[in-house]
Amino acid sequence: MNIEELYAHIQSQLDQQLPFVIYRKPEENTIYSVLQNNADLHTVNSYDDSGFIFAPFDTTRGAILIPDTQSIKYQTTIAYNDGEDIIADKHTDSINLIEEEDTSSKKLHLELVKHGIHEISKGTFEKVVLSRKEETPFSDKKRLQIFRQLIANYPTAFVYFWYHPKIGTWLGATPEVLVKIKGDEFVTMALAGTQPYVDSMKVAWGRKEIEEQAMVTDFVLKQVSKVVTDVTHSETYTHKAGTLLHLRTDIKGILKGGTSVIKDIIAVLHPTPAVCGLPKKEATTFIVNNETYDRSYYTGFLGELNVHTDGKTTSDLFVNLRCMQIRNEYAVLYVGGGITKDSDPEKEWEETVRKTATMKKVLS
Ligand SMILES: C=C(O[C@H]1C=CC=C(C(=O)O)[C@@H]1O)C(=O)O
C-alpha cells in the first residue's frame, strides 16, 4: 500500500465517522494506522488489552482504546516530507510574540503563574506545570493535510491524528516519550526546560531550566527504580523540537521480573513533573483548583499498548504535548510550562506563546 492509498482509507473512515489513529514515530519514516471497524467507545480497564490507547491527564476518567481485535492496521513507508512542503520557520521571537498578545488570556496566565510561584515560596510544592488553552480560527483546511504538514515539519516528534466520533479530533507533534517497553527492555526520558531555537544547538541553559529538568530526572529515576533494575541514564543534552529546544536525559533499564507490567509503570510515571509538578499530589491539587479550564487529553498519554512485534510485547507511549483539538471552525491549542521558584511570569507567558507556534505553523 502506498501513502495515497492509506490516506484514502483514513478519509473513508472520516466520512463514515469511524474511529482511527494515524501516526508516525520519532525519526521514522513509517506511517502506521489503526482503523476501528465500528463506532463503539472502548475504555481501558486492566491494561492487558492490545491496541492504541488515548488517555486523559486525569486517568480516573478512563482511557480510550482502539482495540486491535476490532481494527484493521495499515502501514507504509514514505520519503521524509512526502506530499507536503516544509513550512519555513518564522522567527518566533519578538514579532510573533507581539502578534499573539491577547490581553485577557495573558492576564489570566500571569495571575496563575504568580499564584504558583507564591505557593512555591510558601513551600506547598517545589514545581508546578501550569497551562492554558487558546482557540484559533481554523479554515477549511483538510485535517489530513494538517497531519501531512506535521510529519514533514517535525521529524523528531511523535506525530498523530486521532479521531473518535464520540470524543472528537486531536492532532499533535509531541517531543516527549512517556515509556517504551519491548519485552523486558524499558526506556523513558526526562524532558523539560525550554528556549527558542535560533540557529544553533550550542546554547547556554540558565539555572532555572537546569534545576527544572533535574527535578524531572530525579523523580523519574526514583520512580522507575520501583519497577525497573539496572537503570542507567545518559548525560543531559539539548534536544530540538521544531523551533524549540529542551533539556533531555534518556533513561533505560530492565523490567523487574522480566514481565511487562505496563499498568504499574504508568502508575509510577504519570503524570511526570514535566507536565504536573512535585510533589505530584500537591501540584495536581493546585492545577485542578486553579487552571481555569479542563486539560482533557492534553498532558495525558497515547500510543501503542501491548502490541505484539518480533515475538515480544511492546508498548510505545508518548505524553500528549504540542497538541490541538479540532472543532468545526476553530482549533483549541494546549500549552504549558514548568514553574519553579526562579520563574519570571512574563517569560513563562512567552514560552506558552512560542509553544503554540508548533501548531499554528500548520494551521494557517
Ligand atoms: C508542558 C509542556 O511542555 C513540557 C515539556 C517540555 C518542556 C517543558 C517546560 O520547559 O516547561 C514542559 O515541562 C507543553 O509543551 O505544554
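Predicted model: local features only at pLDDT ≥ 70, side-chain atom pairs only at ≥ 80, totals over all residues.

Trainee: Noted. How many bridges are there between β18 and β19, and in what sense do they pair?
Mentor: There are four bridges, and the pairing is antiparallel. A hairpin of three residues links β18 to β19.

Trainee: Are the residues of β18 buried or exposed?
Mentor: Buried, on both faces of the strand. Cys323 and Gln325 are on one side, with Met324 and Ile326 on the other.

Trainee: Let's zoom out. What is the strand order in the sheet?
Mentor: It is an open sheet of nine strands, running β6-β2-β1-β8-β9-β18-β19-β7-β15, with antiparallel pairing. At the edges are β6 (71-77) and β15 (277-278), each of which pairs on one side only.

Trainee: What about β1 and β2, how many bridges do they have?
Mentor: Four, in the antiparallel sense, between β1 at residues 20-24 and β2 at residues 30-36. As an example, Phe20 has Leu35 in β2 as its bridge partner.

Trainee: Which strands does helix α5 lie across?
Mentor: Helix α5 (residues 207-224) lies across β7, β15 and β19, and its direction is at about 105 degrees to β7.

Trainee: New topic: aromatics. How many aromatic pairs are there?
Mentor: The count is 18 aromatic pairs. One of them is Phe54 with Trp162, a stacked pair with 4.0 Å between centres and 15 degrees between planes.

Trainee: Where do those two sit?
Mentor: Phe54 is in strand β4 and Trp162 in strand β8, so their pairing ties together parts that lie 108 residues apart in sequence. Both Phe54 and Trp162 are buried.

Trainee: Why does the pair of Phe158 and Phe318 count as stacked?
Mentor: Because the ring planes are at 10 degrees, and planes under 30 degrees apart count as stacked. The centres of Phe158 and Phe318 are 4.1 Å apart. Phe158 belongs to strand β8 and Phe318 to strand β17, so this pair ties together parts 160 residues apart in sequence.

Trainee: Are Phe158 and Phe318 buried or exposed?
Mentor: Phe158 is buried, at 1% relative accessibility. Phe318 is buried too, at 3%.

Trainee: Which lysines sit over rings?
Mentor: Lys25 has its charged end over the ring of Tyr32, 5.1 Å from the centre. Lys240 lies over the face of Tyr197, 4.5 Å from the ring centre.

Trainee: Last one, about Glu119. Where is Glu119, and is it buried or exposed?
Mentor: Glu119 is in helix α3, residues 103-122. Glu119 has 12% relative accessibility, so it counts as buried, the cut-off being under 20%.

Trainee: What does the side chain of Glu119 make a polar contact with?
Mentor: With the side chain of Thr124, at 2.6 Å. Setting aside neighbours within four places in sequence, Glu119 is in contact with Thr124, Phe125 and Phe286.

Trainee: Great, thanks for the tour!

How values were computed:
Residues numbered from 1 in each chain as written. Heavy atoms only, no water. Pairing = 2+ DSSP bridges. Contact = heavy atoms within 4.5 Å. Axes fitted to C-alpha atoms, helices over the stretch in contact; angles between N-to-C directions. Buried < 20%, exposed > 50% of the residue type's maximum accessible area, 1.4 Å probe, protein only. Polar contact = N/O pair within 3.5 Å; in protein donor to acceptor, adjacent residues only side chain to side chain. Phe/Tyr/Trp six-rings, centres within 6.5 Å; stacked < 30°, edge-to-face > 60°. Lys NZ or Arg CZ within 6 Å of the ring centre and 35° of its normal.
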